[in-house]
Amino acid sequence: MSPSRFQLAWPGVLLLMLLLGAWEVAARFVDSANFPGVMAVAIALRNTWSSLWQEMGITLMRAGAGLLLALVTMLPLGIFIGRVRAIGDFIEPLFDLLRPLPPLAIVPLAMLFAGVGSTAKILVIFYSVSFPILLGAVDAVRSAHPMLGNVARSLRLSRREIMLQIDLPAALPQVVVGIRIGVALALLVSVSAEMLLSTDGIGTLIVRAQEQFRIANGLAALAVIALTALAINITYNSSVYTLDALASLKGGGIRKPEAGLEAMYQLRTRGPGLWDQESIAVGWLKSGEIWATPYFSGNVLAMMRDPDLADLRFCVPSEGGYALPMSVTRVVNPSAGDQPERFINHMLGVEAQEAWARIGNARPVNKKARVPDEVAATVPTADKLRNVDWGFFAEQRSAIVDQWNKVVNR
Amino acid sequence: MNPIIKKATAIGCCLVAWECIARSGWVPREYFPAVTDVVLAGAEMVRSGELLQAEGQTLLRALTGLFITVLLGVGLAVIAAQLPLLGRMLAPLVEIMRSIPPAALVPLAIFALGLTPKLFIGIIVFAAFSTVYLTALNALINVEPVQVNAARTMGYSRLETLLRVRLPAAMPSIFSGLRVAAGAALIASVASEMLAGKDGLGYLLYDTAFSLRTQEMFAALFVAALNGIIFNQLILWMRRPFAGWQDSLNRLGDSR
């Protein structure tokens, strides 16, 4: 009577194959790394398999923690609310008020109270899956056959005994339905929360793949999520500065980036593994394994002051350095009165600018600030710095990204 | 006690407790502003047009997405109910769609669709489609055989059976699915605006939180919750002409 599983599935499998085939053909036809084909995704999947599952593990742990937390709190609460009418009538309107709030809308709130770490994400997951579980339990207790309650009363069971021995088992089937909804929701919210508060996990992996224009890797991560169940930053500034700089070595620039892309590809495939793990560079600087890095950060500044480490200095290559635009601004109607104004003026003042030049090894913005000789010797003035043509980049973004993918990520 | 009074008391007590906690200084007021602060900030945002503009964007996106989803989901379900082969072909695809978090699609969709209204609406359709399609298909297939046989005895054609028997019988389930899908659409619109937007309620929430405008953030949260209520009421209101017959039947059953 009932067809076997295989028979049931073949038309679907056929359509999937057809779609995948069409995708591959279309990808070969378009021939852009912005639109990778099935094969490219499969290769990316194979290359990143272990790290994908490692990140997926983090994501699943969070989803599980949020779900478990919701289960141990909301199941008893639901039974309690369902059984003790007087309290239920009072609490329920509050749930009605909270329930329509989309789970991800509370991400910013969780961030304010719990930061961007695991706690915040687990809180968001907990909030999202609480309602299906809670409402399932309340409904189950309320819709239990009245005879059950009558029997319990005639047996003179206490309220607690009724809840534990009658309501809990009676509610379980409906609670299981709530959990099934909850599992899917927990995974969904977990991935989304990781994308919004990027630290680690598979959601973060997708955002990172995006920032490095590696669409195939992003799709591979997506495939892993599908197997188990971005704030797009397209002006990924440091990549673009590096591209311009490397291109300029052969007389190019952001307008003529071919040589830069080729150099990027060489760095990526033959460089000392700095491509994916920029923080490793700091460790290697410390141990003296590398002598030069394009890396400019507070870490390096701190290391320069570390007496235990070998002599580290910034120097600008003869090809020149880049002007990095920075800005400071105050908000409209600040709650702190004129403090922001004064803070900005202080930062731009002679005293603060001299300190910045001395401690930060940088040229001050304020011309009246005195520059220590050792800083002046290594940091050029703004008129000697190169500028990336951001207007051109914005205009030609997709063409440059296309080229990047063809050459660097090949 | 009148249920409305009961409800109002409960909510009122909660708001008073909130106000007291916020003003007591137990929690930092920057992170947990008092109700009155939130109301004032909300009123200011309404006056400046910031809130209404974001709300309008989000509602428009969610409604357009939902409308397309209904056309697509119910339309495909009707065809799949007539052509079982199509249903079996689509089944694995819909299962895969269901298991992918819509938010995870946003970064990749940006490349395919750009930062256009198409992006937001596409994500919303993706998020809501499977629920609408699956509930509609289930309901259309599982119509009482008695009703279908009766229609056949009356000499109804296939099209007449579909329009006069199957679809009306499936309407209550379709609308239940629609209510769930409306929730998914709201989540998807807020999430995609958070991830890729430069306007809309999701962006407003994210932006206010990151710039520590907590009072404004709470006001936006309140509006986000209000959207859920609006959508629910809207669907209940649309349900009446299509599936109201079931309610009157239920009442009949209760009175017996």
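Across the interface of chain B and chain A, the search rule finds 0 salt bridges. Let's start there and look around, keeping in mind that this is a predicted model.

**Where the two chains meet**

Several helices of chain B each supply at least two residues to it: helix 1 (3–24), helix 4, helix 5 (102–113), helix 8 (158–196), helix 9 (200–210) and helix 10 (214–255).

How many residues of each chain are in contact? There are 46 in chain B and 49 in chain A. The size of an interface is often given as the accessible area lost when the parts come together. Here, the area buried between chain B and chain A is about 4300 Å², and carbon and sulfur atoms give 84% of it. Within chain B, the residues that lose the most area to chain A are B:Leu108, B:Phe111 and B:Leu195, which together make up 16% of what that side buries.

Now for a look within chain B, where helix 3 takes part in both of the pairs below.

| Helix pair in chain B | Crossing angle | Axis distance |
|---|---|---|
| Helix 2 (residues 35–48) and helix 3 | about 75° | 4 Å |
| Helix 3 (residues 50–82) and helix 4 (residues 84–99) | roughly 125° | within 5 Å |

With that angle of about 75°, helix 2 of chain B and helix 3 of chain B are therefore roughly perpendicular to each other. Helix 2 of chain B brings B:Gly42, B:Met45, B:Val46 and B:Ser48 to this contact, while helix 3 of chain B brings B:Glu50, B:Leu51 and B:Leu52. By class, these residues are 4 nonpolar, 2 polar and 1 charged.

The second pair crosses at roughly 125°, which means that helix 3 of chain B is oblique to helix 4 of chain B. From helix 3 of chain B come B:Leu76, B:Ile79, B:Ala80 and B:Gln82, and they meet B:Pro84, B:Leu86, B:Gly87 and B:Leu90 of helix 4 of chain B. This contact has 6 nonpolar, 2 polar and no charged residues.

**Salt bridges in the whole structure**

Over all chains, a search of the whole structure finds 10 salt bridges. One pair in a salt bridge is A:Arg62 and A:Glu194, whose side chains meet at 2.8 Å, N to O. A:Arg62 lies in helix 3 (residues 49–83) of chain A and A:Glu194 in helix 8 (residues 159–196) of chain A, so this pair ties together parts that are 132 residues apart in sequence.

Note on methods
Residues numbered from 1 in each chain as written. Chains lettered and ligands numbered in written order. Predicted model: local features only at pLDDT ≥ 70, side-chain atom pairs only at ≥ 80, totals over all residues. Heavy atoms only, no water. Axes fitted to C-alpha atoms, helices over the stretch in contact; angles between N-to-C directions. Parallel < 35°, antiparallel > 145°, perpendicular 65-115°, else oblique. Contact = heavy atoms within 4.5 Å. Nonpolar A, V, L, I, M, F, W, Y, C, P; charged D, E, K, R; others polar. Buried area = accessible area lost by both parts, 1.4 Å probe. Salt bridge = Lys/Arg side-chain N within 4 Å of Asp/Glu carboxyl O.
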